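Subject: Structure handover

Hi,

Here is the structure I promised you. Please open it first, then read my notes below.

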Amino acid sequence: MRHYYPVFKVLGGVLMLFGLTMAVPLGFSHFCHDGIETGFALSMAITIAIGAGLFLHCRHLDRELQPHDGFLLATLVWTVLPVFGALPLLLHIPGLSFTDAYFEAVSGLTTTGATVLTGLERLPVSLNIWRCFMVLLGGMGIIVLAVAILPLLGVGGSQVFKAETPGPMKDDKLTPRIAETARGLWAVYFLVASACLLAFRWAGMSWPDAFMHMCSTMGLGGLAGYDASFAAFDSPLIEAIAIVFMLLAGVNFALYFRVWQRRSIRPLWQDLEARLFFALMAASVAVVTVFLVVHGVYPDWTTALRHAAFNVVSVATTTGFASVDYAQWPVFAPVLMLFLCGFATCAGSTGGGIKLSRALLLTKQVQREFTRLLHPRSVRPVTLGGAVIEPQVLFSIQAFMLVYGAVLTFGTLALLLTGLDVVSAFTAVVACINNTGPGLGQVGPASNYQGLTDAQTWICTLVMLLGRLELFSMLVLFTPQFWRR
């Protein structure tokens, strides 16, 4: 166990940092006079005290983190932090079980946006702020934040960054130092988030509403302060602003970093994945708009476009907001939207799913195999954006897709075993592994996950964690090779 003390030391530092973030909802509680400052102060004190104790206990064993340490740390952070994130909810929501509180915290930090709570309007403002603020923290990754501002921990930041960063190609660095890269990404993240906050406030939201919905929009998490989600505002302007920033958050944030470095938008437009992302979103919105008009769901093109654009972009980017109950649309539209959430967002974005770059590389690999069948002697490497993709990356993607399919299958079977209907079971697993939130059936946009049993809730919690950690980072811990020194 002492061999892993350096990992626990960093975990302690991350816990202290996480505890400090509770000052944000504590501040809102104070200024909004919702009367629960004591609960947040107590939760903050407990989190920081335990983190400090862990850090001090392990401070004497220093060594550079190895690759397997990064995977262990990432898994520990995303499973341990929700325990402390659930404390304010447990303290101030009567009758809330630990299972549901942990699910809610995991949903926030993994940017899934699924909820087991109802009557959100009646909750203290700071509790809704905290739920949504966890989405903002989880969007770029609390570990990446730790690498950015806690370099004095003496860890190998590159290993942590590699385990935490989403996407198939994790070794690209924007700057020579990994901490500088992490700081740059977070700086861009908060700059765009600030613009989103001001835009929501300008459109008519109150400051608390603007802040909490900015957090969920930028983190592509979908948690809201109202049971009706964005339908509570019934504002085309607010929905349009949300669409813009959901699209921005669905793009690789490294591209914004390069745009800032070069003072040009050319890196954004030259990126094949980004161009494909915007084209896919536009085409999907157009298809659903036409579909809704043809089937008479809405009487005019303007209304159909409004609701199609918002809900398609929301689900496809794995955000999970809703402006209407789209589960009542003809079945093609909601199923298409859930299909898109599996792959539509870019690698390096705050979205979930397998990422568009993986889907694109798999498609190119299939095309290459067709060519090889017809011309066995041909040499045709797989490329992306003009760069040749190493076979190791392609093998990794194929393995990822195999595991992804296995989790979908066994997760659905596990929920079916507990008695959940097939539509709810399958779409719940799809929504959780892609960190989207709402599915269909019992877990559709007009309802939530409150009706699930404890066993079903824990299954969905595990699937959310697997999806956020991109499967391998968590599952590798269950292999015998991982624990061999």
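Start with the side chains of Glu-239 and Arg-306, which meet in a salt bridge at 2.8 Å, N to O. Glu-239 sits in helix H12 and Arg-306 in helix H16, so the pair ties together parts that are 67 residues apart in sequence. Glu-239 counts as buried, at 3% relative accessibility. Arg-306 counts as partly exposed, at 23%. Both belong to a network of salt bridges that also takes in Asp-234. Keep in mind that this is a predicted model.

A second salt bridge joins the side chains of Glu-470 and Arg-358, at 2.9 Å, N to O. This pair links distant parts of the chain, 112 residues apart: Glu-470 is in the loop between helices H21 and H22, and Arg-358 is in helix H18. Both residues are buried.

Glu-369 and Arg-372 form another salt bridge, with their closest N and O atoms 3.4 Å apart. They are three residues apart in helix H18, so about one helical turn separates them. Glu-369 is partly exposed, at 32% relative accessible area. Arg-372 is partly exposed too, at 43%. The count comes to six salt bridges.

Now the surface. Phe-410, Leu-413, Leu-416, Val-422 and Val-423 make a nonpolar patch of about 470 Å². Helix H19 gives the most to this patch, with three residues. Phe-410 lies in H19 and is exposed, with a relative accessible area of 59%.

Last, the whole chain. It has 22 helices and two strands. Of its 485 residues, 57% count as buried.

Best wishes

Definitions and conventions:
Residues are numbered from 1 along each chain as its sequence is written. This is a predicted model: local features need pLDDT of at least 70, side-chain atom pairs count only at pLDDT 80 or more; totals for chains, interfaces and linings use all residues. Side-chain values use heavy atoms; hydrogens and water are left out. Patches are made of residues with over 30% relative accessible area and no salt bridge: like charges are joined within 9 Å, nonpolar side chains (Val, Leu, Ile, Met, Phe, Trp, Tyr) within 5 Å. Accessible areas come from the Shrake-Rupley method with a 1.4 Å probe; for residues, only the protein chains shown count as cover. A salt bridge is a side-chain nitrogen of Lys or Arg within 4 Å of a carboxyl oxygen of Asp or Glu. Helices (H or I, at least four residues) and strands (E, at least two) are DSSP runs, numbered from the N terminus. Buried means under 20% relative accessible area, exposed over 50%, partly exposed in between (1.4 Å probe, protein chains only).
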